[in-house]
Amino acid sequence: MAGARLPGMTEISEYRQGTPCWVDLWTPDRQASMDFYAGVFGWQYRVAPAEQHFYTEALIGGKTVAGIISPPGGPGDSPLVWVTYLAVDDLDAALAAIAEHGGQSLTGAIDVPGADGIRITLATDPTGAMFGAWQSRTRSGAQVANEPGTQVWNELTTQDPETARKFYAAVFGLEISASVLGDFDYTTIRVDGRPVGGIGAAGGSAQAGWGTYFAVADTDGSADAVRAGGGSVVSEPTDTPFGRMATCADPHGSPFYLMSTPG
């Protein structure tokens with residue numbers, strides 16, 4: 001499920017604490033993933049040098065929108081997922097709060113080399129979902145969002161949404177809405193009253209995880225591009241009150257979502 005469309009922003013210079021500000025893909029084959037997502041979203045790329053593990057920034061109109069990386073280590077050492085990063089004002093304070101409220105940092109604080117003073121950590125929440133925290137000194141995250149080819153919504157699904165809500169509210173100062181889908185356990189997370197993401201109950205025995213919705217101009221056409229590129233459409237395009245949506249997986253099985261927003 002995706003929430004209401006966020007206000008359109010051509011270029012973003014700052015993210016308030018707790019707002020999803022960046023996503024990157026962990027993949028066993030960086031070039032194959034680059035080719036696939038270029039075919040689906042029209043991305044171009046900027047590739048970092050070898051000492052930065054060839055970390056690849058996806059670009060729309062010359063502006064950064066996402067990242068792609070093959071993490072160090074052998075195949076199977078890392079999950080094949082899109083990782084959502086939440087903005088923080090002070091990474092050290094966030095690390096202390098993560099530990100205090102039952103989460104765990106997987107990496108400690110990382111000062112990203114050559115990346116404009118960015119400090120990040122990768123962590124898990126008490127329900128087992130992995131996420132990132134991102135402190136910026138000069139660069140706040142994705143320079144464009146809510147437009148075709150960029151992230152438009154991020155949500156956590158978990159078997160224990162109430163524990164997750166308490167954790168993210170405590171660590172990031174997020175506000176939690178009342179249920180927005182009646183009997184279905186789904187709430188939005190908010191900054192200054194504005195919805196910036198969602199937390200909901202996972203179906204069946206699905207593991208906890210953050211999902212990324214990418215805005216597209218034409219959900220059906222983008223779903224066709226997913227298939228043409230060797231990915232799969234797990235859930236066919238469907239009209240919803242929030243836009244026409246589809247659930248997809250890339251050729252390596254990493255899930256993501258398409259959403260064309262109304263109006």
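1. Let me start with the sheet: eight strands make up an open sheet, with mixed pairing, in the order S11-S12-S13-S10-S14-S17-S16-S15. The edge strands, each pairing on one side only, are S11 (175–176) and S15 (232–240). Strands and helices here are DSSP runs (E, at least two residues, for strands; H or I, at least four, for helices), numbered from the N terminus. Two strands count as paired if DSSP finds at least two bridges between them.

2. A word on the ground rules. This is a predicted model, in which local features need pLDDT of at least 70 and side-chain atom pairs count only at pLDDT 80 or more, while totals for chains, interfaces and linings use all residues. Residues are numbered from 1 along each chain as its sequence is written, and side-chain values use heavy atoms, with hydrogens and water left out.

3. Strand S14 deserves a look. Six of the seven residues of S14 (residues 209–215) are buried, so the strand is largely enclosed by the rest of the structure. Buried means under 20% relative accessible area and exposed over 50%, with partly exposed in between (1.4 Å probe, protein chains only).

4. Now for the partners of S14. Strand S10 (residues 151–158) runs antiparallel to S14, and six bridges join the two; Asn-154 stands opposite Thr-212 in S14. With strand S17 (residues 255–260), S14 runs parallel through three bridges, and Tyr-213 has Tyr-257 in S17 as its bridge partner.

5. At the S15 end of the order, the pairing is antiparallel: S15 and strand S16 (residues 243–249) are joined by six bridges. A hairpin of two residues connects S15 to S16. Thr-240 has Gly-243 in S16 as its bridge partner, and Asp-239 stands opposite Arg-244 in S16.

6. S16 itself is mostly covered, with five of its seven residues buried. S16 also runs antiparallel to S17, again with six bridges, and Cys-248 stands opposite Phe-256 in S17. The hairpin of S16 and S17 has five residues between the strands, and there Gly-253 adopts a positive phi near 95 degrees. For anyone checking side-chain directions: in a regular strand the side chains alternate between the two faces of the sheet.

7. Helix H3 (residues 161–172) comes next. Its 12 residues reach 16 Å from first C-alpha to last, close to the 16 Å expected at 1.5 Å a residue; the expected span is 1.5 Å times one less than the number of residues. The buried residues of H3 are Pro-161, Ala-164, Arg-165, Phe-167, Tyr-168, Val-171 and Phe-172. They cover an arc of only 165 degrees around the axis, which puts them on the same side of H3. The arc is taken from the directions from the helix axis to the C-beta atoms. After H3 comes Gly-173, with a positive phi near 70 degrees.

8. Helix H2 (residues 91–100) can be read in the same way. Its buried residues are Leu-91, Ala-94, Leu-95, Ala-97 and Ile-98. These cover an arc of only 165 degrees around the axis, which puts them on the same side of H2. Ala-99 and Glu-100, on the other side of H2, are exposed.

9. S5 (82–88), S10, S14 and S17 each supply at least two lining residues, and S14 gives the most, with four. By class, the lining has 10 nonpolar, six polar and one charged residues.

10. Ala, Val, Leu, Ile, Met, Phe, Trp, Tyr, Cys and Pro count as nonpolar, Asp, Glu, Lys and Arg as charged, and the others, Gly among them, as polar.

11. Finally, two single residues. Thr-187 is found in strand S12 (residues 186–191) and is buried, with a relative accessible area of 5%. Gly-67 lies in strand S4 (residues 63–69) and is also buried, at a relative accessible area of 0%.
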